[in-house]
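Student: Before we begin, could you take me through this model slowly, setting each term against its definition?
Tutor: Gladly; please look at the sequence and structure first.

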Amino acid sequence: MNIRLITLAASVAALLSACGGDSAVTALTPPAANTVCTGTEATSSRLFLQQLSDTSVIVKWRGDAMAACLGTSASNLTTRVVATATAGDHKEAKFTGLTPDATYFYSVGGAPTAPADQTFRTAPTTGYPSNDGNTRIWVVGDSGTAGYLHTDTSASAPATNAYTGVAEAVRQGMAAFTKANGQNIDMLLMLGDNAYNNGDDANYQAAVFDTYKAELKNVALWPTIGNHEMGVVDGSALFGQPAGSLFLGGLSTSSNPNSYILDKAAANAPTLMPYLNIFSTPIAGEAGGIASGTKQYYSFNYGKVHVVSLDSQLSARDTTQRATMKAWLDRDLADASTKADWTIVIFHHPPYSKGANHDSDSTSSTLFIDKPQIDMRNEFVPVFQKYGVDVVLNGHSHSYERSYYMKDLYAGTTGVVNGDSKEFVAATHAYGKGYSGRSAAGEEYKKTPGYVVYSVAGNGGKADHDAGSMRVVTEWLNHAAHVLQPFWDWVGAQVMGSSKSGADHKRGLAIPGSVLIDANKDRLEVQMLNQTGQVLDQFLISKK
Amino acid sequence: MLKKYLCALGVSSAVGLALAHPGIHEQVDVLNEQLKTQATYQLYAQRAHLYFEGGHIDLALKDLNTASKMGPKEPLLFEYGNIYFVKAEYAKALKYFNQFIKFNNKYPEVYQARAKTLQKLGRTQEAIQDIKHSFKLQQTPHPGLYIEAAKLIYANRTSQFQPAVDLLDEGIARSGVQGQLQEKVIELLLENNKPALAAERMLLLGEERNYNVFWRSDYALLLVKTGRLSDAQNEFKRALRETMGIDSAPVFELRSKINQQLAQLK
């Protein structure tokens with residue numbers, strides 16, 4: 001069991017106020033279904049899709065409505081499900097018995113017709129490709145900056161901060177690309193730190209439900225837990241401020257989801273983290289993966305694509321919980337290897353990064369709040385390799401970095417002590433001794449057992465401006481296992497045809513953006529998009 | 001130092017501090033600087049925690065003692081208990097955990113910590129009660145907590161494994177998921193030479209694991225342990241048939257292992 005910095009704050013909270021336990025949760029009851037849809041569309045402050053599978057979906061909202069209707073025609077919704085009230089003042093309507101890879105329309109409140117934007121497509125049957133032959137996955141990391149201001153509701157709160165509008169611009173970049181490209185996204189993956197500054201409900205409203213409102217009505221959101229999902233601790237002393245004056249998010253080292261403290265810890269007893277009330281992530285393999293028994297980590301299938309969301313923030317901080325998660329992952333990936341063409345894994349803490357403040361090498365930071373970077377690398381990378389995971393995506397570092405197609409850079413393999421950057425040897429660890437994976441360079445990767453690409457995409461809501469607390473500044477965005485970005489300088493300005501020199505090149509980009517993945521029968525293509533939808537990096541893994 | 005962190009954020013407002021995460025050594029450095037000019041209860045308590053995280057137990061204890069002279073001791077009791085647990089002074093650790101529970105009886109982790117301490121003192125039944133109580137305080141206990149509790153109970157067994165199995169079964173019933181808890185049951189049964197029961201438990205896992213070829217191979221291996229060699233052979237053969245047409249390296253590897261098993265069974 002971990003010992004927690006948060007304990008002190010929790011104790012103070014308990015001393016000064018009545019002790020609180022878990023937040024109250026209304027038990028789920030089986031939904032009743034009928035075929036009568038009458039009424040009008042109800043307003044909801046948040047509306048999103050969860051656990052979307054080939055045959056079922058949960059429509060979830062916050063509002064007064066107590067039912068939802070669904071059908072294959074927008075003008076004639078035929079199935080009504082009475083909602084269940086769930087934790088965090090949400091309502092859920094689960095529709096089952098749906099047809100795979102089919103378009104549905106839905107209303108909230110029982111209306112017989114669906115608003116034009118309330119439509120989704122079910123997943124293709126597990127193990128079978130989609131009808132259009134492609135699965136498009138949009139990935140944003142550390143995208144929660146739009147919720148940052150909402151922590152401070154005082155009259156003197158500033159109207160904007162340094163990151164206002166960044167997440168929205170990144171979203172628009174993706175939208176511009178997909179519009180020009182003619183294909184919409186099929187799902188949205190969030191890499192943690194989804195709602196700054198402390199992952200509270202107001203943060204989530206602004207950073208997730210208001211920012212991605214359009215997407216969330218059409219595709220399922222599959223999140224993972226970041227350090228900023230865990231509330232705050234009193235960090236006043238660390239920065240010379242009067243005690244109780246500065247509460248910092250992102251510093252919890254607890255493995256306990258019930259150790260969440262909202263704000264100004266002295267006045268709040270610990271409670272369950274809002275993330276677990278907001279999201280209805282699978283516990284029992286509801287969307288096709290192996291049952292995990294916890295909402296903190298899970299997996300799902302989407303046709304021939306298998307996606308795993310691990311918990312590097314809580315489960316990873318406790319030895320037994322981490323081992324349990326690893327044992328589950330082993331079973332889950334074994335199952336996926338019998339039916340999936342492509343496997344993608346997400347979690348928050350990157351095993352390989354030279355991002356500002358989050359150096360994955362064995363440094364002082366990785367002894368404490370960033371220890372999951374080391375543990376995930378040395379304990380989970382071998383499992384990724386064993387079962388043919390193709391791409392691992394992380395956030396935490398507010399920049400874009402992407403590795404070679406690589407293997408065996410973790411503690412205990414030949415010639416490797418820690419799995420640090422300096423231990424990377426292209427000839428030993430990288431496919432093609434250092435292929436970039438880029439189609440234009442003729443260096444595409446051929447799918448090969450044991451090789452994985454690790455990408456950091458924590459640039460969905462902000463980008464760091466410098467090396468931060470890294471002790472060796474020149475190491476910033478220069479992890480040896482990461483592919484050089486020769487076409488752009490580190491802030492994303494085009495280098496070719498300009499006077500920029502090689503010295504401006506780094507193995508990463510400090511600009512906002514997101515990642516788009518296209519998976520079809522024979523190819524997995526990954527592209528990094530900037531705020532205008534321009535592709536700044538690309539790699540391809542081919543089965544042929 | 002502060003300026004450096006602020007620069008790392010690219011902002012000058014203290015609001016931005018939350019997006020940076022200095023490491024433990026840097027944090028101790030900062031606290032040391034602060035303590036030179038401002039010796040407060042909170043500074044010592046925070047440095048104590050950092051020292052504990054860094055493994056400097058005696059320094060942590062020293063800071064806790066200093067803090068407890070400057071402010072309320074109650075918030076420090078859990079930390080005291082943890083320190084004495086690490087120092088293997090279990091009776092002292094228990095005293096502090098008991099005191100903390102009088103102060104805050106809704107904190108699941110203190111019951112888990114006290115359970116470990118009680119187990120070290122040989123008071124297994126009380127440890128089990130604490131574990132069960134900690135589960136009641138949580139909405140959805142992590143499966144790893146059940147497994148850790150089962151290990152704790154089993155480690156203190158005389159010749160009994162049933163209490164650990166009962167606890168795991170309770171976790172399965174509560175979550176509705178077999179998963180790693182059932183796998184732990186199987187492990188305990190095998191350790192106690194109960195392969196037939198283990199095989200029965202493996203059958204319960206079949207649906208969750210989609211009766212896939214890996215599960216079937218695991219089941220067949222248990223049948224071998226029970227001496228049901230013909231049944232084991234049939235399951236291995238069925239698994240082998242089911243691997244046909246699957247183009248994946250892990251499945252190729254499994255096929256090779258199954259063939260080895262079948263060769264041994266001939």
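**Terms and their cut-offs**

Tutor: A:D200 caps the N-terminal end of α3(A), with a side-chain oxygen lying 3.0 Å from the backbone nitrogen of A:A202. This is a predicted model, in which local features need pLDDT of at least 70 and side-chain atom pairs count only at pLDDT 80 or more, while totals for chains, interfaces and linings use all residues. Residues are numbered from 1 along each chain as its sequence is written, chains are lettered from A and ligands numbered from 1 in the order in which they are written, and side-chain values use heavy atoms, with hydrogens and water left out.

Student: What makes helix α3 of chain A mostly covered?
Tutor: Seven of the 10 residues of α3 (residues 201-210) are buried, a word that means under 20% relative accessible area, whereas exposed means over 50% and partly exposed in between (1.4 Å probe, protein chains only). Among the buried residues are A:Y204, A:V208 and A:F209, and the buried residues of α3(A) pack against elements of chain A including β2 (46-50), β3 (57-62) and α5 (274-278).

Student: Which class does B:Y211 fall into, and why?
Tutor: B:Y211 has 40% relative accessibility, so B:Y211 counts as partly exposed. B:Y211 is found in the loop between α12 (195-205) and α13 (213-226) of chain B, and its phi, near 45°, is also positive.

Student: How do you know how α7(B) and α9(B) are oriented to each other?
Tutor: The axes of α7 (residues 108-120) and α9 (residues 143-155) of chain B come within 10 Å and cross at roughly 15°. Angles under 35 degrees count as roughly parallel, over 145 as roughly antiparallel, 65 to 115 as roughly perpendicular and the rest as oblique, and α7(B) and α9(B) are therefore roughly parallel to each other.

Student: Which residues make that contact?
Tutor: With contact meaning heavy atoms within 4.5 Å, the residues are B:Q112, B:A115, B:K116 and B:Q119 of α7(B) and B:L145, B:E148, B:L152 and B:A155 of α9(B).

Technical notes:
Axes are lines fitted to C-alpha atoms, for helices over the stretch in contact, and angles run from 0 to 180 degrees between N-to-C directions. Helices (H or I, at least four residues) and strands (E, at least two) are DSSP runs, numbered from the N terminus. A polar contact is a pair of N or O atoms within 3.5 Å; within protein, one must be able to donate a hydrogen and the other to accept it, and residues adjacent in sequence count only if both atoms are side-chain atoms.
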